[in-house]
Amino acid sequence: MKTHALAWNGLKKHPMRICGLMAEQIAIKLAALSPLLLCAAFHPSPDNASGFPKAAALSAFILLIVFFVFPARFRAGIVLRRCLERTDGARLRPAGYKTRFLAGILRLAFGLIWGFPFLFCCVGVYLYVFVYDASRAGEMIERIGRVAVLLIPSADAAKAGVFMAAFISAASFFLFLYGWRRGVAYDFILSSGATPVAAWKTARKLHALRKGRFFINALLSFVLIVVSLAGFSAVIAIRSGGISQGFMMLYLAFSSGIVLDPGGLTAAFAVFVLLYLPFIPYRKARNAAVVQDCYEEKGS
């Protein structure tokens, strides 16, 4: 309740600043996504003979993340902490751009350590679903299934292969999520005068001290994303006449750019945004509240 009270009171006291901060972050993230969106619009088919547009778009996306998204993320973390302060903290200012830029590289590097298996799975899914023919995907799943049959002789190879592939993908995703969440305190401590490495060490100590509160925040974030995805999936299933038909509609949309029901897809995305977007300030404020509370306790 302490985390909720501090976060909620800060949001109530500074609604216009929070709205402005949120609009700024959304605009920056949309700008970073623009190369991928433009590439998808002009080169919708993964079978395009030239891979250069996609490689260029992905490279531009990564550069925009490093040069703009992360520095803005760290600045927003300090601004959010200022909204939550119980006392006047005029000295609390974001670190300079160079510090925030280097911190972004550090944050990304540590995130990739935990996220490499998930990245490998994403590349594999893209190749086998959108690039290779369906027979190669079936062969790959069967090979995985044969390994599972060695452990459980009574298992069906095809079903075991699908289950194992899904399990490996899910496990790699949660490993990445766990590793990324370990550094969440780092997003809120890069104030003026901080250095990237020293701030990272401070964030790790702070996370260890408040591990329980950060876990509750992570659990709440997970529940919110699951609810939002459930709303998205429900709209797709209802509009398509079933879950399997909805899956095929999404597959066609992402693999070939063919949208069978534009209105249904738009409605599904709208439901996702309506369920997810309003809670972003509160989720971020809870993490900022844990960090700010820790600093105020040490300063008292």
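Buried residues account for 33% of the 300 residues in the protein chain. The model behind that number is a predicted one. As for its make-up, the chain has 11 helices and 0 strands, so its elements, read from the N terminus on, simply go α-α-α-α-α-α-α-α-α-α-α.

The largest nonpolar core has 36 residues, and the members that touch the most others are Leu80, Tyr186, Leu190, Phe214 and Val291. At least two residues of this core come from each of H1, helix H2 (15–42), helix H3 (52–84), H7 and helix H11 (280–299). H3 hands over the largest share, with 9 residues.

Helix H1 takes in residues 2–13, 12 residues in total, and stretches 17 Å from its first C-alpha to its last, close to the 16 Å expected at 1.5 Å a residue. Its buried residues are Thr3, Leu6, Ala7, Gly10 and Leu11. These cover an arc of only 125° around the axis, which means they sit on the same side of H1. On the face turned away from that buried side, H1 carries the exposed residues Lys12 and Lys13.

Buried in H7 are Pro196, Ala199, Trp200, Ala203, Leu206 and His207. Looking down the axis, these buried residues fall within an arc of 125°, so they line one face of the helix. Over on the other side of H7, the exposed residues are Val197, Lys201, Lys205, Ala208 and Leu209.

Then there is helix H8, residues 211–240. With 30 residues, H8 reaches 43 Å between its first and last C-alpha, close to the 44 Å expected at 1.5 Å a residue. Phe214, Asn217, Ser221, Leu224, Ser228, Gly231, Phe232, Val235, Ile236 and Ala237 are its buried residues. Phe214 also turned up above, among the core residues that touch the most other members. Just after H8 comes Gly241, which takes a positive phi of about 90°.

The aromatic rings tell a story of their own. Counting rings whose centres lie within 6.5 Å, the structure comes to 15 aromatic pairs. In one of them, the rings of Phe176 and Trp180 have centres 6.1 Å apart and planes at 40°, so this pair is tilted. Both belong to helix H6 (residues 157–181), and because they are 4 residues apart there, about one helical turn separates them. Phe176 is partly exposed, at 23% relative accessibility, whereas Trp180 is buried, with a relative accessible area of 18%.

Tyr186 and Trp200 make an edge-to-face pair, 4.9 Å centre to centre and with 85° between the planes. This pair links distant parts of the chain: Tyr186 lies in the loop between H6 and helix H7 (196–209), while Trp200 lies in helix H7, 14 residues apart. Both Tyr186 and Trp200 are buried. Ring pairs also join up into a cluster made of Phe70, Phe74, Phe110, Phe118, Phe173, Phe174, Phe176, Trp180, Tyr186, Trp200 and Phe222.

The charged end of Arg107 sits over the ring of Trp180, 4.0 Å from its centre. Likewise, the charged end of Arg81 sits over the ring of Tyr295, 4.6 Å from the ring centre.

That leaves the cysteines. How many disulfides does the structure hold? The count is 0. Take Cys121: the closest cysteine sulfur to its own is in Cys122, and at 7.1 Å that is too far for a bond, because a disulfide needs the two sulfur atoms within 2.5 Å. Cys121 counts as buried, at 14% relative accessibility. Cys122 has its place in helix H4 (residues 97–131) and counts as partly exposed, at 35% relative accessibility. Another cysteine, Cys83, is buried with a relative accessible area of 0%. Finally, Cys122 and Phe173 are 51 residues apart in sequence, and their C-alpha atoms are 9.6 Å apart in space. Phe173 is one of the members of the ring cluster described above.

Terms used: Residues are numbered from 1 along each chain as its sequence is written. This is a predicted model: local features need pLDDT of at least 70, side-chain atom pairs count only at pLDDT 80 or more; totals for chains, interfaces and linings use all residues. Side-chain values use heavy atoms; hydrogens and water are left out. Rings of Phe, Tyr and Trp (its six-membered ring) pair if their centres lie within 6.5 Å; planes under 30 degrees apart count as stacked, over 60 as edge-to-face and the rest as tilted. Buried means under 20% relative accessible area, exposed over 50%, partly exposed in between (1.4 Å probe, protein chains only). A charge sits over a ring if NZ of Lys or CZ of Arg is within 6 Å of the ring centre and within 35 degrees of the ring normal. The expected span of a helix is 1.5 Å times one less than its number of residues. The arc is that of the directions from the helix axis to the C-beta atoms. A nonpolar core is a set of buried Ala, Val, Leu, Ile, Met, Phe, Trp, Tyr and Cys residues joined through side-chain atoms within 4.5 Å.
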